[in-house]
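Biologist: I am new to this structure and would like to go through its aromatic side chains with you. Please set each value against its definition before you draw a conclusion.

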Amino acid sequence: MRDAVFSRAEALPELYMTAWRCVIEAWRDGTAEDPDMTFIEIKDAIRRGIDPRIFVGSIVDLAAPRLKIRPRSPLREPVRGKPRTVADLLSLDIEPDHHVRLAEIGLADCDDARVWEELLDRAQGMLFSGLHQADRLGLTWSANWIARVYPVDSDGKMAADGDDKDPDKYRGGFMPITRLVSAALSRLSALDSAAATKRVDGLALKDWPIARRLWAAAALDPAVVPADRLNPWALSMSQEELWGVHAYPEFAELRSRRHGDLTADVRDQLERRIRRGPPARLFRRDLSRARRDERQIGDAYAELRRMQKAGTVLTAGSIAWLADRAYLEAIWGNDDLYRTGDSYVPSKSRLDLDLTSATAFAEIEAALTDNPYTDGRKTLEAIGANWRAVFDRMRAEPALLSRGRIVGALAFAIRDRIGVEEGDAGWMETAQVSDFIDLLGGVPGSARKAAAPGVAHLFEEALGRLPDDARMLPLWLEWWPYAAAATVAETKTADDAPFDEAPAERLASLSLNTAAGRMMSAYFGLFPKGDAAKTAFEDPALVQARDLIVDTPGEGGRQGLYRLLLQVPFLNHVDPAWTQARLLGPLAAQDGVAPELWDAIARIGLLAPDALNMIATEMVRRILDDRLSPDVRSRLAERLILPVAIALRGGTDPPVSLVEVEQILRLGGPQIRAVCARALTRFVADARAPEETFTSGVLPILARGWPRDRSVQSSEVADAFAALPAAADTAFSEAVAALGDYLMPFDVWSLWEYRLYVREDGGGRELKFPRTQPEARSMLTLLDRTIGEEEGAVIPHDLDVALTAMTARWSGAVNDRRFARLAALARR
């Protein structure tokens, strides 16, 4: 490709030549060879005491930001006219191969400063190389898209790397390499502050925002950045660095914690600058002058209070300035210094919402549009910021409840506040939640469809505050038809966007996130808890609700039915007659329901025998139905073959015959066969009596229900069955013999693939098989048939361990030509 492009360089316009060069660069530098295995090998080597410096280059390479090229997504705004930049032709991303956490590879407690010096130097070089590449491609913005350069929790407080509440835990881009630099710098600072200081000084000279943020994080330690080096930093901060407390959180933290280390004149200059507030250019252009002036004072107040709360002793001028504006404390004095986020807005979004005019509510409703969560987002946020005023006005003037969009937006805003923990800013008292529930009963029918999406959001959260409130179930019955009707419009909007998912997968997502889907979540939340759930349908209102869901036509009813089907095991246990008649009965009728509803059956656990028998025949047909995605058909096959194995083990009639099982496996395709093979292997491995489970439950399927044609053999099936002999325990040899026709070479990296090892308490491993000479013979057969010898074939790195164990049980193994072949492979 490189030769083809470069040979036609003169014929290609410059833009397209640049795009092709990006593609070639991405292919050349692409993913490192097997990063997951590299990570495991590094971890294992460090655990065994090998010098970590040997692996420093590999560690940095795993976290290196790499250029990734993808076709331009159709979800992005279309290019108007001729493309002008490479980004108009391609989707460019910077992504690493692996998230490297030093604690996971056993390096976090290393006390050798030389390791950290080398790691820091290499990681910094890789970071700067990636930043230059991003600058060349117009991707510099992505480099600063990190909540904090060191691990924090959701409140911005320092946490362990990989903490579940770390907002950057799953972030890619430059985050892994930045965190690697930060971790190495932090560890080096603890071991050799002088060496750390030399490297920190280099960061201070860089113009990259992420480099300056790394310097600020390191400067929290006075041993690394002495007080005399803080003055130039404090005086050179740009307006964005000073006021972008979410874009530069390390600057805000350093400013608060080491403000006292600045000289008196610098402290005074910095505080005077803060008291002037952020410049006008940092605010939205559509903000009114009055609101901008209010924001400037508010941001200045919030910043000084933020510093004061962190222990900073302000100058007398700032203390007097705060005292003169104490009235701002309720609004601007509650900001948490360490709250993380990605926003580049100076500090807060204070939204204008004038409720005093006679036409205010009409104007607000028009601004919300039919899609308030997208087109009317700003107005929706304004209602959220002023929810108390909107709520009080509606409660005082019930006629305003006819504004359905506003009712829905208010419900959406209240839903967010219900989830706030007590004592935190934004907490909503339970009595206020109860008052709004009363308000919903007065919304006229003409406004309920427009309000339904927001109200549906509210219902489930409200149940958490009002779990036993007698008003909730009747209110649910009133609002369900409107939520179902609103779901049609929501689904139509989703259908207009390009999706890669099959219809079944889309239904699974929609049935959770539409108005009907959220009302279904609320419906199940209305059920009694614990053992009382068994008598749920003694409540006539719950019975009325389930019948109402099943009888609802259209998209809302389809999504409701899908959610009921997901609960079939529970519903069949509580009321088998209704479940089998109203839910499973229609499924058993050919083409009686939309095929994607079968995705619900594919997502639940195993059905009870009586329930499965009703739909088993139609289930076979759906497994072979190309209208369903391969994933759905595979899961359906798994949920059919396991009950067959369970029935055979128990000596009862299976839901389908072994002839039908063979038909499924022969015609279903390689994915279905692999999934079923893995399911049977897991079934044996999890059994209390694995030998009996294999011989009575799985062996009949292998002998009479699994197709033996060579055309249906595949490496995926061999991989799935590889662990079955070990799972069968004492029936190891019998299992290998039964699998003879289904085994073929696949990529075997370790004997773990066969589950031949058992883990010891100390974290080590012990080879469990072979225990007898027959098992040694069978083990040789298993390895010979699944380990290839062609060029590029994967050889287990611990193959020699297995061969040694064989000879210990069967001395004649060395004379077998298969053993000789494997021994030669082990010596490669």
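Biologist: Why does Phe 527 count as buried?

Modeller: Phe 527 has a relative accessibility of 6%, and buried means under 20% relative accessible area, with exposed being over 50% and partly exposed in between, for a 1.4 Å probe and protein chains only; Phe 527 therefore counts as buried. This is a predicted model, in which local features need pLDDT of at least 70 and side-chain atom pairs count only at pLDDT 80 or more, while totals for chains, interfaces and linings use all residues. Residues are numbered from 1 along each chain as its sequence is written, and side-chain values use heavy atoms, with hydrogens and water left out.

Biologist: What makes Phe 524 buried?

Modeller: Phe 524 has 18% relative accessibility, and therefore counts as buried.

Biologist: How many aromatic pairs does a search of the whole structure find, and why is the pair of Phe 524 and Phe 527 called tilted?

Modeller: The search finds 18 aromatic pairs. Rings of Phe, Tyr and Trp (its six-membered ring) pair if their centres lie within 6.5 Å, and planes under 30 degrees apart count as stacked, over 60 as edge-to-face and the rest as tilted. The centres of Phe 524 and Phe 527 are 5.9 Å apart and their planes stand at 40°, so this pair is tilted. Both rings also belong to a cluster linked by ring pairs, whose members include Trp 476, Tyr 523 and Phe 570.

Biologist: What makes Phe 721 and Tyr 742 a tilted pair, and why does this pair tie together parts that are apart in sequence?

Modeller: Their centres lie 6.3 Å apart with 35° between the planes, and the pair is tilted. Phe 721 belongs to helix H36 (residues 715-721), whereas Tyr 742 is in the loop between helix H38 (732-738) and strand E3 (757-759), so the pair ties together parts 21 residues apart in sequence. Helices (H or I, at least four residues) and strands (E, at least two) are DSSP runs, numbered from the N terminus. Phe 721, at a relative accessible area of 0%, is buried, and Tyr 742, at 3%, counts as buried.

Biologist: Why is helix H25 described as largely enclosed by the rest of the structure?

Modeller: In helix H25 (residues 515-525), nine of the eleven residues are buried, so the helix is largely enclosed by the rest of the structure. Among them are Met 519, Met 520 and Tyr 523.

Biologist: How do you know that Tyr 16 is partly exposed?

Modeller: Tyr 16, which lies in helix H2 (residues 14-29), has a relative accessible area of 35%, and is therefore partly exposed.
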